[in-house]
Amino acid sequence: MLPPSPPEQPPLVLSRPPSLSIQSVASSASSEYSSASSTSDKDNNSNTPFDSRRSSVISSASSHTSHSSHREYPQQPPCTTSPEDQHHRQTPLPRSRHNAKQLHAARLQRSGSTSLSTAPKKDGSPTSKGRRFRKTSSQSAVDALAATEPHHEQGLTRMAFAEQQRWITVQQKTFTKWLNTKIEARSLEVKDLVHDLSDGVMLIHLLECLSNESLGRYAAKPKLRVQRFENANIALDFIKSRGIQMTNIGAEDVVDGNRKIILGLIWTLILRFTINDINEEGMTAKEGLLLWCQRKTACYDEVDVRDFSASWNDGLAFCALLDIHRPDLIDYDALDKSDHRGNMQMAFDIAHREIGIPKLLDVEDVCDVAKPDERSLMTYIAYWFHAFSQMEKVENAGRRVEKFVNNMQGAWEMQSAYERRMAELLKAVRAQIVAWQDATFEGSYADAKKQATEFAAYKRGKKRDWVAEKSDLATLLGNIKTKLGTYRLRPYEPPAELRLEVMDQAWADMAKAEMTRGQLINETIRDIKNGLRKSFADKANDFALALNTMQLAISGLEGDVEDQLHHVRRLSENLAPLDAYLETIAAVDAKCEEANIEENDFTTYTYDELCYELSLVKTSVSKKLAFLDNQIVARNMTNLTPIQLEEFESVFRHFDRDDSNSLAELEFSAALASLGLVFSEDEMHEYFLTTSNGRDRVTFEQFIRFMVEATEDQNTAEQVFQSFREVADGKPYVTEMDLRHSLVPDEVIDKLVEIIPPHTGPDMQADRGVPQYDYIAFMEKLIREEQDKADKAERSASPTKQAAGRMNGFH
């Protein structure tokens with residue numbers, strides 16, 4: 001007679017015994033089924049090598065979920081209801097996948113004073129759901145294992161023969177379904193487990209699917225008994241080669257259809273390839289799976305998971321597992337707790353349809369059964385564990401990636417631009433130094449005059465570009481630091497070879513080479529008046545030093561945006577004295593021109609250069625002021641996404657040609673047109689006057705506020721139509737199931753079902769018999785109606801609302 005699953009035992013207290021270990025789960029179960037006189041069920045009592053090739057992916061997901069479950073659902077102390085708790089109860093969160101963690105936290109808070117408090121049980125002994133996790137120091141490893149796996153001889157004396165046969169029947173049905181899920185990729189199906197495995201072919205297919213390995217040559221269509229024996233021996237030898245120990249199992253048991261031996265063999269494979277890779281805090285696979293179920297259902301008052309048998313016969317434990325992971329699929333609080341069969345059937349159907357968990361069990365196998373089969377339940381619940389563990393891992397990874405990319409995208413682009421431009425500038429500066437060092441003179445005045453002309457052309461052209469680029473790079477680096485500081489990210493440090501200090505050193509080397517080059521040229525044309533030259537050089541050098549000091553002060557700004565803005569305004573006040581000093585330099589320069597002085601050994605600067613660098617300083621100050629002002633405005637615009645702010649700021653900077661941080665009417669019109677807002681000349685003039693408060697320019701803040709009003713909560717008809725198409729997966733109609741899969745709220749779905757006309761055209765075979773709605777006709781009708789309304793209300797609508805209508809496609 002086949003030993004049935006163990007009868008219901010006293011509640012298992014998972015105390016993580018210090019000496020308990022996983023011991024050959026597979027071999028013990030196999031020997032149990034193969035020996036009628038076996039004295040105990042040793043599902044978890046032998047050392048089985050772990051199959052890393054088979055379960056590398058699943059084990060990583062289950063391990064991650066195990067640890068995260070331990071962190072997520074700690075034992076909660078008793079708590080009282082506070083006014084804040086009452087407020088949360090009055091305004092519940094929407095039930096969606098995005099709010100799963102918040103819903104779980106709220107349930108933990110609600111159940112803190114009830115489900116986790118000590119209450120008398122029926123026998124009068126105090127206990128609590130939280131005590132399932134309490135460590136019992138007096139329990140030894142042997143006692144804990146005995147409580148988990150009682151001796152079968154004890155169970156055989158306590159149950160009737162009919163109940164044993166029912167357990168065997170349920171196990172065979174469950175194991176058959178499990179086997180079919182593994183071989184369905186090969187379009188195979190087992191109907192009679194004992195008969196269909198007797199020739200060994202299906203068993204070989206099963207092992208190849210489980211291990212992703214080929215078992216070699218075998219008789220695909222055995223006709224002789226010896227061929228069946230050979231197939232069975234191939235399968236059994238492969239199992240042994242994987243480290244799964246089996247006792248008293250031979251090929252004749254498979255070929256002759258020994259029911260208990262075959263069930264034991266399949267249970268061995270289930271343990272190895274489905275259950276054994278579950279690991280929770282160093283416990284056995286069975287204890288780890290039970291602990292996971294207890295932690296996930298700890299905050300549900302009506303659920304008390306203590307085993308893999310009677311704790312599941314009311315269906316509420318399955319519903320709780322669904323509710324804790326997918327609150328969008330089920331509302332546990334709205335269930336009729338007395339409808340055991342209905343709750344269990346709903347949980348099985350949702351798990352299969354929405355999550356892909358195969359239906360290994362039927363409701364009648366578990367519901368209201370005093371002692372449901374433990375092995376069948378363990379097999380089925382293991383699928384739940386793997387499905388939800390992988391789901392949590394993928395969702396957490398997706399959220400981390402999304403948040404990281406959104407925060408870093410703009411900074412990455414700025415960093416990449418800085419490094420590329422800095423490398424190009426350093427290369428050009430060093431090449432110029434080498435060219436000067438290799439240059440020679442012919443000894444004639446014409447040659448010296450020619451080189452002097454070329455040198456002057458360099459200073460007016462290439463050098464100015466480099467000066468501007470150097471200034472822009474310093475400003476860009478400061479902007480990167482400010483941007484990262486705004487997002488509270490780690491400060492950016494350029495590569496060692498691309499830092500500002502390297503550029504300063506290269507620039508100093510170039511300045512030295514330039515000085516040497518100028519001196520060499522000047523020595524060949526020496527008809528100069530040294531007094532004027534010296535006077536001009538002193539003033540020019542002082543002026544350049546002042547400009548360089550101011551530029552360094554701008555590029556070295558750090559700290560809060562407000563502090564930087566204060567310092568830049570102080571620098572802006574110092575520009576007026578520089579203009580007066582430059583006029584003094586201009587007077588000296590005019591005298592030099594009168595004296596036909598074309599070179600100066602005491603300085604590398606000319607009046608034009610100083611004017612240009614002063615303009616660069618003014619531009620840097622102006623740009624820095626505009627950038628900081630814009631950063632403050634952008635920070636305060638919390639109703640726009642970072643991507644929208646980046647787009648609007650980029651368009652504003654592009655059309656702000658004079659760097660005044662404001663737009664004239666033509667610039668304002670061009671900026672709106674680049675963003676898709678095109679108006680008539682009269683309309684644009686009205687918008688400009690309204691936005692600028694009657695002035696002749698629109699500031700950045702006014703521009704952003706206009707775009708906030710024009711784009712807030714707007715969608716174009718094309719976007720809505722494309723969204724419907726994506727929800728329907730390209731079909732010309734949409735179903736309620738399509739909308740629910742897209743996480744559309746139930747109240748919105750009910751409204752859409754009422755207003756969208758039914759679809760009467762061709763449909764998909766899978767959707768036949770399901771209500772179908774013609775979203776194409778609905779959108780075309782809506783666009784026509786909105787177009788008519790918009791045309792009538794065009795004259796009376798406010799300028800901002802008209803702009804919003806144009807962006808929506810209905811104006």
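Reply: In this predicted model, helix α9 passes helix α10 in a left-handed crossing. Helix α9 covers residues 201–211 and helix α10 covers residues 225–241, and their axes come within 8 Å of each other while crossing at roughly 25°. Angles under 35 degrees count as roughly parallel, and α9 and α10 are therefore roughly parallel to each other. On the α9 side the contact is made by Val201, Leu203, Ile204, Leu207 and Ser211, which meet Asn231, Ile234, Ala235, Phe238 and Ile239 on the α10 side.

In one of them, Phe175 and Trp267, the ring centres are 6.0 Å apart and the planes stand at 10°, so the pair is stacked. This pair links distant parts of the chain, since Phe175 belongs to helix α7 (residues 161–183) and Trp267 to helix α12 (residues 259–275), 92 residues apart. Phe175 is buried, with a relative accessible area of 0%, and Trp267 likewise counts as buried at 0%. In another pair, Phe652 and Phe703, the centres are 5.5 Å apart and the planes are at 50°, so the pair is tilted. Phe652 sits in helix α25 (residues 642–655) and Phe703 in helix α28 (residues 700–711), so the pair ties together parts that are 51 residues apart in sequence. Phe652 is buried at 1% relative accessible area, and Phe703 is buried at 0%. Both of these residues belong to a cluster linked by ring pairs, together with Phe668, Phe679, Tyr687, Phe688, Phe700 and Phe706.

A buried residue of another kind is Gln564 in helix α22 (residues 561–573), with a relative accessible area of 1%. Leaving aside residues up to four places away in sequence, Gln564 touches Thr482, Leu557, Glu558, Gly559, Lys624 and Leu628.

Most residues other than glycine have a negative phi. Asn693, however, has a positive phi of about 60° although it is not a glycine; this residue is found in the loop between α27 (681–691) and β4 (698–699), and at 61% relative accessibility it counts as exposed. Leu743 also has a positive phi, near 65°, and lies in the loop between α30 (736–741) and α31 (746–755), where Leu743 is partly exposed, with a relative accessible area of 36%.

Note on methods
Residues are numbered from 1 along each chain as its sequence is written. This is a predicted model: local features need pLDDT of at least 70, side-chain atom pairs count only at pLDDT 80 or more; totals for chains, interfaces and linings use all residues. Side-chain values use heavy atoms; hydrogens and water are left out. Axes are lines fitted to C-alpha atoms, for helices over the stretch in contact, and angles run from 0 to 180 degrees between N-to-C directions. Helices (H or I, at least four residues) and strands (E, at least two) are DSSP runs, numbered from the N terminus. Angles under 35 degrees count as roughly parallel, over 145 as roughly antiparallel, 65 to 115 as roughly perpendicular and the rest as oblique. A crossing is left-handed if the near helix is turned anticlockwise from the far one by less than a right angle, and right-handed if clockwise. Contact means heavy atoms within 4.5 Å. Buried means under 20% relative accessible area, exposed over 50%, partly exposed in between (1.4 Å probe, protein chains only). Rings of Phe, Tyr and Trp (its six-membered ring) pair if their centres lie within 6.5 Å; planes under 30 degrees apart count as stacked, over 60 as edge-to-face and the rest as tilted.
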